[in-house]
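This report describes a few local features of one protein model. Please keep the sequence and the structure in view while reading.

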Amino acid sequence: MKERGGSRAAVDERYAQWKSLIPVLYDWFANHNLVWPSLSCRWGPQFEQATYKNRQRLYLSEQTDGSVPNTLVIANCEVVKPRVAAAEHISQFNEEARSPFVKKYKTIIHPGEVNRIRELPQDSRIIATHTDSPDVLIWDVEAQPNRHAVLGATDSRPDLILRGHQENAEFALAMCPAEPYVLSGGKDKSVVWWSIQDHISGLGDSSKSEISPGASGSKHSKTANEKDSPKVDPRGVFHGHDSTVEDVQFCPSSAQEFCSVGDDACLILWDARTGTSPAVKVEKAHGGDVHCVDWNLHDVNYILTGSADNSVRMWDRRNLGPGGGAGSPIHKFEGHKAAVLCVQACIWSPDKASVFGSSAEDGFLNVWDHDKVGKKKNPNSPGGLFFQHAGHRDKIVDFHWNSSDPWTIVSVSDDGESTGGGGTLQIWRMSDLIYRPEDEVLSELENFKSHLASCTPRA
């Protein structure tokens, strides 16, 4: 991160300053050192609720150097409930250690590197992965057997293989909130659309052993995968990009509508009901490659894009059609100092539809609120920015809001450039004093002040 975030000494100084503020900024924080970098992190289902914490699946990966296999990791994560963790405890952690809150539950030996993980919203036990191939792999993580990742071990077999790309599809991947549909983009400049239901199976029913071919292996694992894993062909292949498609996303209210972005700097909206050509194409949506896109779950008029030009832009799709202001975002959020790699709108509450996060190669994860644009009290702060997570010391390649636990985020950085290998996984929740209404916070602080006064011994 030397070029992007300043010298190593400057990054270390910034990190030390941030660490000293953890008790003030965070309600809860956990740091988990990764031996191998993970390019993706996603929340799975919550499976246990207790008095002070909940337990939840967490999906990540191990991108190795070839000395051991690449793996898809299913972990159990203990998520401490709000206003439970003591301030002095959350700031006392060892950067080189694994967190006691994150424990590996199952390992799947993945055929190639895991570049992207996405869960099926209707059943988050079903996930899709991208690797360095044209195929999308579908896994029932509960039915897959636990494997021991040693050199020479055969690959686990996917429960389903989605075919349709003509070249490698490495990053652009989405699963539909409304139907069991999958969307992918690749180097072949196309967007490909599948339905998992086109293969009638017991996917998701862990009691049926026949749905998971991953239990057995072969010395010729890729041949075994090709032979034994069911294949599904696409429902549609959509052409309109002039370069690699970097990210895709479904419209939350329609399984037939989706959008994509790519290295051609375009934002394209598609409607499968009207054909395989773009419904709307925004040329030069950014001043560089567009790396990520998200469609607002609670207000489907708004789409977010993040780019190599260091900015996040918000679009109103009502302005992008014929006669609209095509190519004009309703706002540009400029607070990153390097390429934006991931953007995601709030997923847990319609009341917070204006809130979203963005992470970048500068090592920051910014939390924004579009409703705060123009109301900023600090002239030195970018419009709409109200929280900046500075706990990573290298590029943040992925993050995910927790739909089961509002304001809780998992984020992961690839620390290869700063430490020569490995990565850092962090799970955190900002203090509610930061996002609650100001009058409510001031009232609580005043009550606390009065409480302290009443506890003070009188002479």
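Ser311 sits in the loop that connects β20 (302–307) with β21 (312–316). The model is a predicted one. Ser311 has a relative accessible area of 2%, and because buried means under 20%, Ser311 counts as buried. Its side chain makes a polar contact of 2.8 Å with the side chain of Asp309. Leaving aside residues up to four places away in sequence, Ser311 touches His286, Thr305, Gly306, Phe333, Glu334 and Val340. Ser358 is 47 residues from Ser311 in sequence, and the C-alpha atoms of the two are 9.4 Å apart in space.

The side chain of Asn70 reaches the backbone nitrogen of Thr64 at 3.0 Å. Thr64 is also among the residues that Asn70 touches, not counting those up to four places away in sequence; the others are Glu62, Gln63, Ile108, Ile109, His110, Gly112 and Glu113.

The next topic is strand β28 (residues 408–414). Why is β28 described as largely enclosed by the rest of the structure? Seven of its seven residues are buried, so the strand is largely enclosed. In a regular strand the side chains alternate between the two faces of the sheet. On one side of β28 are Thr408, Val410, Val412 and Asp414, and on the other are Ile409, Ser411 and Ser413; all of these are buried, so that both faces are covered.

β28 pairs with β27 (residues 396–401) and with β29 (residues 423–430), antiparallel in each case. β27 and β28 form a hairpin with six residues between them, and Trp407 in the turn has a positive phi of about 70°.

Another part of the model holds an open sheet of four strands in the order β10-β11-β12-β14, with antiparallel pairing. Its edge strands, β10 (173–175) and β14 (236–239), each pair on one side only. On average, neighbouring strands of this sheet are turned by 15° against each other, direction ignored.

| Strand pair | Bridges | Facing residues |
|---|---|---|
| β10 and β11 (residues 181–185) | three bridges | Met175 and Val182 |
| β27 and β28 | five bridges | Ile396 and Ser413 |
| β28 and β29 | seven bridges | Ile409 and Trp428 |

Note on methods. Residues are numbered from 1 along each chain as its sequence is written. This is a predicted model: local features need pLDDT of at least 70, side-chain atom pairs count only at pLDDT 80 or more; totals for chains, interfaces and linings use all residues. Side-chain values use heavy atoms; hydrogens and water are left out. A polar contact is a pair of N or O atoms within 3.5 Å; within protein, one must be able to donate a hydrogen and the other to accept it, and residues adjacent in sequence count only if both atoms are side-chain atoms. Contact means heavy atoms within 4.5 Å. Helices (H or I, at least four residues) and strands (E, at least two) are DSSP runs, numbered from the N terminus. Buried means under 20% relative accessible area, exposed over 50%, partly exposed in between (1.4 Å probe, protein chains only). Two strands pair if DSSP finds at least two bridges between them. Axes are lines fitted to C-alpha atoms, for helices over the stretch in contact, and angles run from 0 to 180 degrees between N-to-C directions.
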